[in-house]
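Follow it with the model in view.

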Amino acid sequence: MKRMNKRLKKKSEKMRREALHRILDLVLDINGMQESKRKLTGSHPTVFGHISGHIAAFEIDIHENGWEPDCGADREFFCYFDNRGIGNNPIQMTEELEKYKEELGV
């Protein structure tokens, strides 16, 4: 029984890690690899990704019409990646970001 639980735990962690990698890919797909201030890219979305290792969390902030100082994000996505069972998990966050990317047509 312990062996099975250990294997399931390892499989679950692998799935969450893959989802976090996919989230980073989606952030780069939406944002691009260039500097993305509104004055440089016009209304192209700007995406901020924040990893908070001390609480095992990942947050994405999207400025739909580009970033400018003192402007809040238009959309925010947040998940815990340690499987604590509250809030979104990385797989749910991936699904939400994929839907958003599709809406943008990026």
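Thr46 is found in strand 1. Strands (E, at least two residues) and helices (H or I, at least four) are DSSP runs, numbered from the N terminus. Thr46 counts as buried because its relative accessibility is 5%; buried means under 20% relative accessible area, exposed over 50%, and partly exposed in between (1.4 Å probe, protein chains only).

This is a predicted model: local features need pLDDT of at least 70, side-chain atom pairs count only at pLDDT 80 or more, and totals for chains, interfaces and linings use all residues. Residues are numbered from 1 along each chain as its sequence is written, and side-chain values use heavy atoms, with hydrogens and water left out.

Strand 1 and strand 2 form a hairpin with four residues between them. Ala56, in the turn, has a positive phi of about 55 degrees. Strands pair if DSSP finds at least two bridges between them. Strand 2 has six of its seven residues buried.

| Pair | Bridges | Direction |
|---|---|---|
| Strand 1 (residues 46-52) and strand 2 (residues 57-63) | seven bridges | antiparallel |
| Strand 2 and strand 3 (residues 75-80) | six bridges | antiparallel |

Asp61 has Glu76 of strand 3 as its bridge partner.

Two polar contacts follow. A polar contact is a pair of N or O atoms within 3.5 Å; within protein, one must be able to donate a hydrogen and the other to accept it, and residues adjacent in sequence count only if both atoms are side-chain atoms. A polar side-chain atom of Thr46 lies 3.2 Å from the backbone nitrogen of Trp67. The side chains of Glu103 and Arg75 are joined at 3.1 Å. Glu103 sits in helix 3 (residues 90-104). Glu103 counts as exposed, at 53% relative accessibility.
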